[in-house]
Amino acid sequence: MENIHSAIERLYQDETLTADVDDAAAKVLLHWGAEQIKAGRTEEEVRQVIRTLNRVISRRAFLSPAEARARLEAAGLPVDEAVLSGLWAEAPAEGTLAERLVRAPFEIVAEDPHSAARAGILHTLHGDVPTPAFIPVGTQATVKTVSPDELREAGATIVLANTYHLYLRPGADVIAELGGLHRFMGWDGPILTDSGGFQVFSLAANRQVAEEGVTFRSHIDGSLHLFTPEKVIEVQEKLGADIVMPLDECTPYPCPRDYAEEAHRRTLRWAERSRKAHRRPDQALFGIVQGSVYPDLRQESVEALVAMDFPGYAIGGLSVGEPKEVMHAVLEVCLSSLPREKPRHLLGVGSPEDFFEGVARGMDMFDCVLATRIARHGSLLVREGRLNIHNASYTRDPRPIEEGCTCYTCRHFSRAYLRHLFQSQEILGLRLATLHNLHFLLRLLEDIRRSILNGTFLAFKEEFLSTFRPVPEEVRQNEAAHRRRARLRS
RNA sequence: GGAGGGGUGGGCGAGUGGCUAAAACCAGCAGACUGUAAAUCUGCCGCCUGAAAUGGCUACGCAGGUUCGAAUCCUGCCCCCUCCA
């Protein structure tokens, strides 16, 4: 019973939730939902009810009364006509939900007066994504080691999966047959699928790029597969993600100018082909900006994509080994020309400090494997930077990873226990570390969003960066050099 | 009692005259990881000195010996394993 009460209190007191609920009608529904909860339901039911309520409330502008009622009834809530009609007293939405979503997938809720930061909401058929947002990466239809429930508890609102990997295994048809990606992986929230453009970079040894598309040699069985822009769209329509990406060519760093130019122009032609091939109105197809580190190429890329009018834009080709200042400069060029009202996604970034720099320049979404990968390797994110749980100094440390952290791991286990799990290579260690890092980043983005709503973003940024110590550039370069040398030797 | 095999750095285990402070693997210590071919990769790992190169010392059961040079060859001793009695 205590959990239920705290859940209700959370509904009322959590600023991020109430900030989105600013009109009287929504508050009525919220209150009514709380009454239902008090009527005595199990914790599992309560969780379901809260989820449904939040969703109905935040999407009421896109739902007709009939649609809202269907959802509430499905969650087991008796529907009060008075409340429902009160909710829609102003203006019920018209047309199908899918059509309305395509028209207005993104709304800006607040803008920071002192920077380009903004807080918004991205609407999808599978729920809303408050932005700025971090998107955990689940390449093979799973965020490694954690379940969808755990993801949600950690604070995830959306996840990313990969077209290339899922096409090769288990195959888009298999997933379509099993009800689409959401059902297949048991995640009913929003999903973004990446196109395979990153694999052009990461699996460079196994592919060949031509105007028609990219020919990959499967890293699984060596078979050849031609990925054209049209094919990639087709596969993603079968997968059924809410946001999809066109095939692009992610260039490495450093990248000669002529190659950067060639790749980015090809990416533009592919974007146009993707747009033409794209059918499903409930999927938002973003445009991907390329152009490596060259400002004029980036500028050219942005302008061409904006002319094609995508519902959102992604910036790719960054965080591939370039210094941070270079990344920031490229971001500034791109963001100065992207339309204000469209969502912007930064592909493959990042670390805590990257989020602040990205948000300050106007980014809305980020996806990155960093947090989950380093977690599996024993590196845990804390306010001061990273903590390597393998270190002998934690052998007898009774403290949680981070004092005050509310993640499952920190609520239950000591550093000493986590170190023990890692030293003995117990798989629970990977899970607990992943949960913590995800929670850390997701929580950080929530805090960033709140600070934007409060108008204190820059102060928060300064405060955070004053204590957070990122990996020094010099160390990163050294390690990269070491690795390169070792590879040459073999 | 007899025959055979063997004792190498924290573990396991290569090495049979100089290229050996001694492979590989494990353990240990430290670092990295950015649209995931990642529960991965890199470095260190006898002692002392040094940022490092280097230098010094000790070392392949123990004690002697042969040799310019020995973990490696010879002699004796100690210990372990297998088989026979």
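Which residues of the largest nonpolar core touch the most other members? A few notes on that and the rest of the model, which is a predicted one.

1. **The core.** The answer is Ile135, Val159, Phe286, Cys334 and Phe366, out of 103 residues in the largest nonpolar core. Helix H21 gives the most to this core, with 12 residues.

2. **Phe286 up close.** Setting aside neighbours within four places in sequence, phenylalanine 286 is in contact with Ile243, Met245, Phe310, Gly312, Tyr313, Ala314 and His345.

3. **Helix H21.** H21 covers residues 427-454. With 28 residues at 1.5 Å each, the helix should span 40 Å, and its end C-alpha atoms are 41 Å apart, which agrees. Of those 28 residues, 20 are buried, so H21 is largely enclosed by the rest of the structure. Have a look at what follows, too: just after H21, glycine 455 takes a positive phi of about 75°.

4. **Helix H16.** The same check works for H16, residues 324-337: its 14 residues should span 20 Å at 1.5 Å a residue, and the end C-alpha atoms sit 21 Å apart, in agreement. Met327, Val330, Leu331, Val333, Cys334 and Leu335 are buried in this helix, and Cys334 is also among the core residues that touch the most other members. What do the buried residues of H16 pack against? Their partners are strands E12 (287-289), E13 (313-315) and E14 (344-346), together with helices H15 (295-308) and H17 (352-360).

5. **The four-stranded sheet.** There is an open sheet with the order E5-E6-E10-E11, paired in parallel. E5 and E11 (284-285) are the edge strands, each pairing on one side only. At the E11 end, strand E10 (residues 243-244) pairs with E11 in the parallel sense over two bridges. For a specific pair to display, valine 244 has leucine 285 in E11 as its bridge partner.

6. **Asn162, on strand E5.** Asparagine 162 has its place in strand E5. Is asparagine 162 buried or exposed? It is buried: 21 other C-beta atoms lie within 10 Å, where 20 or more is the cut-off for a buried residue. Leaving out residues up to four places away in sequence, asparagine 162 touches Thr139, Thr193 and Asp194. Glycine 138 is 24 residues away from asparagine 162 along the chain, yet their C-alpha atoms are separated by 7.5 Å.

7. **The surface near the RNA.** There are 55 residues around RNA strand B, and Cys250, Ser319, Gly348, Gly350 and Val369 come nearest. By type, the residues of this surface divide into 21 nonpolar, 24 polar and 10 charged. Which element supplies the largest share of the surface near RNA strand B? H23 does, with six residues. The elements that each supply at least two residues are strands E5 (159-162) and E15 (365-368), and helices H12 (197-202), H18 (370-376), H21 and H23 (473-489).

8. **Chain A overall.** The secondary structure of chain A comes to 23 helices and 17 strands. Buried residues make up 42% of its 490 residues. Of the contacts in chain A with a separation of 6 or more, 67% involve residues 24 or more positions apart.

Key. Residues numbered from 1 in each chain as written. Chains lettered and ligands numbered in written order. Predicted model: local features only at pLDDT ≥ 70, side-chain atom pairs only at ≥ 80, totals over all residues. Expected span 1.5 Å × (residues − 1). Buried ≥ 20, exposed ≤ 12 C-beta atoms within 10 Å, placed from the backbone. Near = placed C-beta within 6 Å. Nonpolar A, V, L, I, M, F, W, Y, C, P; charged D, E, K, R; others polar. Core = buried A, V, L, I, M, F, W, Y, C linked by C-beta atoms within 7 Å. Contact = placed C-beta atoms within 7 Å. Pairing = 2+ DSSP bridges.
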